[in-house]
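Try each one yourself before you read the solution.

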Amino acid sequence: MDTKAIGGCAPEAAICARGISRDFEAGQTTIRVLHGIDTDIRSGEMTYVVGESGSGKTTLISIMCGILWPTEGEVKVFGTDIYKLSDTELVKFRLNNIGFIFQQYNLIPSIDVASNAAVPLIAQGVPREEARERAKVLLEKLNIGNQADKLPRQLSGGQQQRVAIARALVHEPRLVVCDEPTAALDASSGRRVMDLLREVAVAPDRACIIVTHDNRIFDLADRIIVLEDGRVTHDGKEMPDDH
Amino acid sequence: MLWIAIRMLTGDAQKFYGLLFGIGFSTLLITQQMTIFVNLVERGASGVYNAPEAEVWVMDPVSRTTDVSYAMPGTALDRVRSVKGVEWAVPHLRAQANVRTKDGDLEGVGIVGVDDATLIGLPERMASGDKSVLFAPDTVVIDDVGTTRLFPDGESALGSRLELNDQRAVIRGIADAIPSFTSTVVLYTRYSSALNFVPGTRNRLSFVLVGVSEGETPESVAARIEAETGLKAETRKEFARAGINFIIENTGIPTNFGITVFLGFVVGIAIVGLTFSLFLRDNIKQFGALKAIGVTNAKIVQMVGVQAGMVGAIGYALGVIGTVAFIKAFGSNPFFKGFYIPWQIPLISLVAVVIILAITGLIAIRSVLNTEPASVFR
Ligand SMILES: Nc1ncnc2c1ncn2[C@@H]1O[C@H](COP(=O)(O)OP(=O)(O)OP(=O)(O)O)[C@@H](O)[C@H]1O
Ligand SMILES: [Mg+2]
């Protein structure tokens, strides 16, 4: 059934975005960077969003994960129309359902690796020690269990990104979003991080969206969405031939 | 979350210490300067404090303080004694005189003539010698801070002879007295010998000191004395207040100390404001990430509040401890004799610290609250 055509959402869609547009004010003029995008993101898949710089990738995933309001359109995440929530409800929704991986990691420099990875649990109100224990289990899985008591700056870039991955997954969110997770890493550690991410992040009931430029890791995708000037120009298992 | 806020703060040692310094410095400056101010102006009342038995001071209506007084005729004493509620009334003389020191210098001194029989008018305690030495002829008792002035080389004051307005006087005791505002040397003597030391004018009764009968209040007795004698009568409290007000009104002290205290406040705002803003700006990416992950603005405000509270508490404690240490360290210096920190002053500096942190915190936190969570992906 073609749910898009009738504007409906498949009940099993993790994200259902309909008619997403986004304008930015640039001085006197308004620039539209996304033009009525309709797309569904499915659980159990690793979805890549690729496209040239400035094509609107970051803007799109920011809207899909509830940190940037669309100018037009609506976004349902696991059935919740997130931009109809109040500010506080939306913050809570993100805390309980979404894991974030940033290009710059944004770890807190003065607390150790285990505490950094435990931040979402701590924000949820889980006691500190219990949160750290749960984070350590995940760090173990990511092969940095022995770094748990170190400060972030004592780790290599790849290791820090793995801490960021642990932080994104520690509270077992149903949606994980990553913007350029390998941009700050060299080729081999980027590849290793992505392999690990695929291993730990992809689960039947979890959706994973990754924005990337990095064509060396395209083969890890289950699905690739190509953006050009704020419009989806390709959506499929493989990259189109002209890229 | 709040322990994370504290770690963020203490983890940035440079800014943490900068903030502590700012708050500590402001507290120290404000507390210390206000303490000195209060203690200094209170010395305007030292004449009152040094005659603790007197519950009411009676004087000529034009007299203003213990040091600015106009003499009354000797008959005033009997008129005061006849007022109902006056338990006792004794004469009290305050005058200026000059002393020729051993090295030939001239030093202006205050002469206080106390009651011949009861010695009422003397400070409560003696630092050296007994009050009864005053019964010997030509005897004076010097105030303890005054000895450092007349005998700077540390030689003993006891037994020293002074040439006092051409009269001979011998120091036979040292009184434990509160120094006057000008730290003038004060010589206590009996009223009758004070009349000899101070060259004669007709009227030489500066004050009548009064004790009130049981069951009477100083206020009502003072009012009655005023009504019946036409003289001015003030309770101990009122007259002390008058001495303090005289200093406040007639010196530049309030302005000078006021300016310093204000500067302490401004410097605090400047240092703390800049450092706090820098600190939050340095951590803006982390705060943005927390906001994206799902920490509410209310929680962020709490986090910054805890950071400000911690800096405030420690900095304030350091500042107050610094002031106490300062007063203690200079306690032996005659200038600081009897200095104490009234409880209101730490409270005032606490309020100042809270205001500094509230102002700077509100300015600094705006940048954090205005950070869009979406900015973390940029
Ligand atoms: N906050 C903003 N204010 C104004 N313009 C913005 C803002 N954010 C994004 N833009 C503009 O929107 C367009 C798309 O930006 P976006 O960051 O989504 O691109 P991108 O595909 O992620 O690019 P890159 O690969 O370089 O990260 C760009 O032209 C950008 O200048
Ligand atoms: Mg981008």
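In E7(A), Val177(A) is the bridge partner of Phe100(A). Before you start: this is a predicted model, where local features need pLDDT of at least 70, side-chain atom pairs count only at pLDDT 80 or more, and totals for chains, interfaces and linings use all residues. Residues are numbered from 1 along each chain as its sequence is written, chains are lettered from A and ligands numbered from 1 in the order in which they are written, and side-chain values use heavy atoms, with hydrogens and water left out.

**Exercise 1.** Work out which strands stand at the edges of the sheet in chain A.

*Solution.* Start with the order, E6-E7-E8-E3-E9-E10 (chain A): six strands in an open sheet with mixed pairing. Strands here are DSSP runs of E, at least two residues, and helices are runs of H or I, at least four, numbered from the N terminus; two strands pair if DSSP finds at least two bridges between them. E6 (98–101) and E10 (231–236) of chain A each have a single partner strand, so one side of each lacks a neighbour in the sheet.

**Exercise 2.** Find out how E6(A) and E7(A) run, and how many bridges join them.

*Solution.* They run parallel, joined by four bridges, with E7(A) spanning residues 175–179.

**Exercise 3.** Decide whether Phe78(A) is buried or exposed.

*Solution.* First, locate Phe78(A) in the loop between E4 (72–77) and E5 (80–81) of chain A. Its phi is positive, about 50°, though it's not a glycine. Finally, its relative accessibility is 17%, so Phe78(A) counts as buried (under 20% relative accessible area; exposed is over 50%, partly exposed in between; 1.4 Å probe, protein chains only).
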